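Here is a short briefing to read with the structure open beside you. Take a moment to turn the model around before going on.

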Amino acid sequence: MTRVLSPVSGRVVGLAGVPDPVFAQAMVGPGTAVDPERGPGHAIAPVTGKIVKLHPHAYVVVDAEGHGVLVHLGIDTVKLKGQGFELLAAEGDEVTAGQPLVGWDPAVIEAGGRSPICAVVALDAGADALSDVRESGEVAKGTELFTWS
């Protein structure tokens, strides 16, 4: 059983609250999303494992059970080409849940006309593989968002 933690503090809005149909319709996979607190901070590893993909705006950490968790920082943020993001780890690194991976400022993303909402997605998972998925309420960074069995 994998406990998936919130990479940021903020308000849980669920995947339906993501202003992007690919995430909102769970085409990438099931999960949830967090509207982050505004201001500079760090996005953390949602699980303990290996970073298999690391872009300034998104990363994937795969745990020992082979569960890959995608964290996508904001919507259409790939178009920023890394501007406003600071990588704190490298692809291939072994990381611990809660370890800071990317520095960023959601307020800057929003000021640039983009949504800072963070999707947290269980890659290659069936919807029935997740339990206790948070869909609303305030969440602190490092708090469990869902479990994956």
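Where is the place of Arg38? Arg38 sits in the loop between β3 (31-36) and β4 (41-44). Please keep in mind that this is a predicted model.

**Arg38 and its surroundings**

- The side chain of Arg38 makes a polar contact with the side chain of Asp35, at 2.9 Å.
- A polar atom of the Arg38 side chain also lies 2.3 Å from the backbone oxygen of Pro36.
- Leaving aside residues up to four places away in sequence, Arg38 touches Pro106, Ala107, Glu110 and Pro116.
- Asp105 is 67 residues from Arg38 in sequence, yet the two are 6.9 Å apart in space, C-alpha to C-alpha.

**The aromatic pair**

- How many aromatic pairs does the count come to? The count comes to one aromatic pair.
- The rings of Phe85 and Trp104 have their centres 6.1 Å apart and their planes at 10 degrees, so the pair is stacked; the cut-off for stacking is planes under 30 degrees apart.
- This pair links distant parts of the chain, with Phe85 in strand β8 (residues 85-87) and Trp104 in strand β10 (residues 100-104), 19 residues apart.
- Are the two partners buried or exposed? Phe85 is buried, with a relative accessible area of 11%, and Trp104 is buried too, with 5%; both count as buried because the limit is under 20%.

**The sheet**

- Eight strands form an open sheet with antiparallel pairing, in the order β9-β5-β6-β7-β11-β3-β2-β13.
- Its edge strands are β9 (94-95) and β13 (138-139), each of which pairs on one side only.
- Within this order, β7 stands next to β11: strand β7 (residues 68-73) and strand β11 (residues 118-122) pair in the antiparallel sense over five bridges.
- Which residue of β11 stands opposite Leu70? Val121 in β11 stands opposite Leu70.

**The domain record**

- UniProt lists residues 20-124 for "domain: PTS EIIA type-1", and the entry is unreviewed.
- In the model, the span of residues 20-124 is 10% helix and 41% strand.
- The end C-alpha atoms of residues 20-124 lie 19 Å apart.

Key: Residues are numbered from 1 along each chain as its sequence is written. This is a predicted model: local features need pLDDT of at least 70, side-chain atom pairs count only at pLDDT 80 or more; totals for chains, interfaces and linings use all residues. Side-chain values use heavy atoms; hydrogens and water are left out. Helices (H or I, at least four residues) and strands (E, at least two) are DSSP runs, numbered from the N terminus. Contact means heavy atoms within 4.5 Å. A polar contact is a pair of N or O atoms within 3.5 Å; within protein, one must be able to donate a hydrogen and the other to accept it, and residues adjacent in sequence count only if both atoms are side-chain atoms. Rings of Phe, Tyr and Trp (its six-membered ring) pair if their centres lie within 6.5 Å; planes under 30 degrees apart count as stacked, over 60 as edge-to-face and the rest as tilted. Buried means under 20% relative accessible area, exposed over 50%, partly exposed in between (1.4 Å probe, protein chains only). UniProt positions are given in the numbering used here, feature names are shortened, and annotations may be inferred rather than shown by experiment. Two strands pair if DSSP finds at least two bridges between them.
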